[in-house]
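I opened my notebook to look at one protein chain, residue by residue. Here is what I looked up, in the order I got curious.

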Amino acid sequence: MTTESKGNWEDFRKEARFLENEIDTKLVSYSKVGANSTFSIISEVDSDSAPLLSTGDKMYELLSEEIEGLLKKLSQVNDRMTDISSTTSGLLTREAQHTLQRHRDILQDYSQEFKKTQNNLRSRREREELLQAVRGEIDSSKTALNRRMDLYMKEHDHIKASERLVDEQIAIAIETKENLVNQRFAFKKIQSRVNDITSRFPALNNLISKINVKKRKDSIIIGTVIGTCIFLLMMYSLR
């Protein structure tokens, strides 16, 4: 093994260990973020005013991108170490094979752990979205029900008011009918009294008849005089 190849091998080993430590730290933080934060579900009504992601969502997305990038770098470093070991004579020893296999196993374990945590967090987010959607539907149903109840109450009040108005009109009609009946009875009594008086005093009845006849004659005479005057005026105006 040349000094340059050995130096490259050691550099890649150090970088691999550094990346593994970074990934391990990020995975711990990634799990904590998923366990301690609540994903924000933004409704359509608040989507214009609310931020696209909450603090927990931003941290979750940022850690996901960082871990994916670190896993990709670690995979590239492992590939470079494999290339160096296969192309450099004397480097493909049992210890080197063991080192390469250990780094591959660590990469595989971290990748599996990341996928598992990511799937768990994704499932949790989907459950929260589903629960939020159900709550939204329940709230919408309650709001619609309250509106319908308000409309029913207003309609009920309107019907009650109409019933009171109808009752008042019926009461007025009944009172008017009673008044008319009373007036009819009063007129009948007056008429019966007048008939009694005229039957008792025939001379008075004859006098009233004569007065009525004289009134009719006077009316005829006055009408004749007025007509003659009008005729004379018309004749005079035509000359």
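**Entry 1: Glu61**

Is Glu61 buried, partly exposed or exposed? I found that Glu61 counts as partly exposed, because its relative accessibility is 29%. For my own reference, buried means under 20% relative accessible area, exposed means over 50%, and partly exposed lies in between (1.4 Å probe, protein chains only).

Before going on, I noted that this is a predicted model, where local features need pLDDT of at least 70, side-chain atom pairs count only at pLDDT 80 or more, and totals for chains, interfaces and linings use all residues. I also noted that residues are numbered from 1 along each chain as its sequence is written, and that side-chain values use heavy atoms, with hydrogens and water left out.

**Entry 2: The whole chain**

I counted four helices and zero strands in the protein chain. Helices (H or I, at least four residues) and strands (E, at least two) are DSSP runs, numbered from the N terminus. Read from that end, the elements run α-α-α-α.

Next I looked up burial: of the 239 residues in the protein chain, 18% are buried. Then I turned to contacts, meaning heavy atoms within 4.5 Å. Among the contacts in the protein chain with a separation of 6 or more, 81% are between residues 24 or more positions apart.

**Entry 3: Confidence**

I checked pLDDT, which is the predictor's confidence in each residue, from 0 to 100. The mean for the protein chain is 79, and 81% of its residues reach 70 or more. Over residues 40-53, pLDDT stays under 50, and the model has eleven contacts beyond four places in sequence for them. I wrote myself a reminder: where pLDDT is low, the predicted coordinates should not be read in detail.

**Entry 4: Salt bridges**

Glu61 forms a salt bridge with Arg125, and the closest N and O atoms are 3.7 Å apart. This pair links distant parts of the chain, with Glu61 in helix H2 and Arg125 in helix H3 (residues 94-200), 64 residues apart.

Glu66 forms a salt bridge with Lys26, with 2.8 Å between the closest N and O atoms. Here too the pair links distant parts of the chain: Glu66 sits in helix H2 (residues 55-87) and Lys26 in helix H1, 40 residues apart. Glu66 is partly exposed at 28% relative accessible area, and Lys26 counts as partly exposed at 22%.

Arg13 pairs with Glu10 in a salt bridge whose closest N and O atoms are 3.9 Å apart. Both lie in helix H1 (residues 3-36), three residues apart, which is about one turn of the helix. Arg13 is buried, because its relative accessible area is 18%, whereas Glu10 counts as partly exposed at 28%.

**Entry 5: Ser64, Tyr30 and Phe114**

Which residues does Ser64 touch, not counting residues up to four places away in sequence? I found Tyr30, Phe114 and Gln118. Ser64 lies in helix H2 and is buried, with a relative accessible area of 6%.

The side chain of Ser64 also makes a polar contact with the side chain of Tyr30 at 3.0 Å. A polar contact is a pair of N or O atoms within 3.5 Å; within protein, one must be able to donate a hydrogen and the other to accept it, and residues adjacent in sequence count only if both atoms are side-chain atoms.

Then I looked for aromatic pairs. Rings of Phe, Tyr and Trp (its six-membered ring) pair if their centres lie within 6.5 Å; planes under 30 degrees apart count as stacked, over 60 as edge-to-face and the rest as tilted. The count comes to one aromatic pair. The rings of Tyr30 and Phe114 have centres 5.5 Å apart and planes at 40°, so the pair is tilted. Tyr30 in helix H1 and Phe114 in helix H3 are 84 residues apart, so this pair links distant parts of the chain.Tyr30 is buried at 0% relative accessible area, and Phe114 is buried at 1%.

**Entry 6: The core**

A nonpolar core is a set of buried Ala, Val, Leu, Ile, Met, Phe, Trp, Tyr and Cys residues joined through side-chain atoms within 4.5 Å. The largest one has 24 residues, and Ile23, Tyr30, Leu71 and Met81 have the most contacts inside it. H2 gives the largest share, nine residues.

Definitions and conventions. A salt bridge is a side-chain nitrogen of Lys or Arg within 4 Å of a carboxyl oxygen of Asp or Glu.
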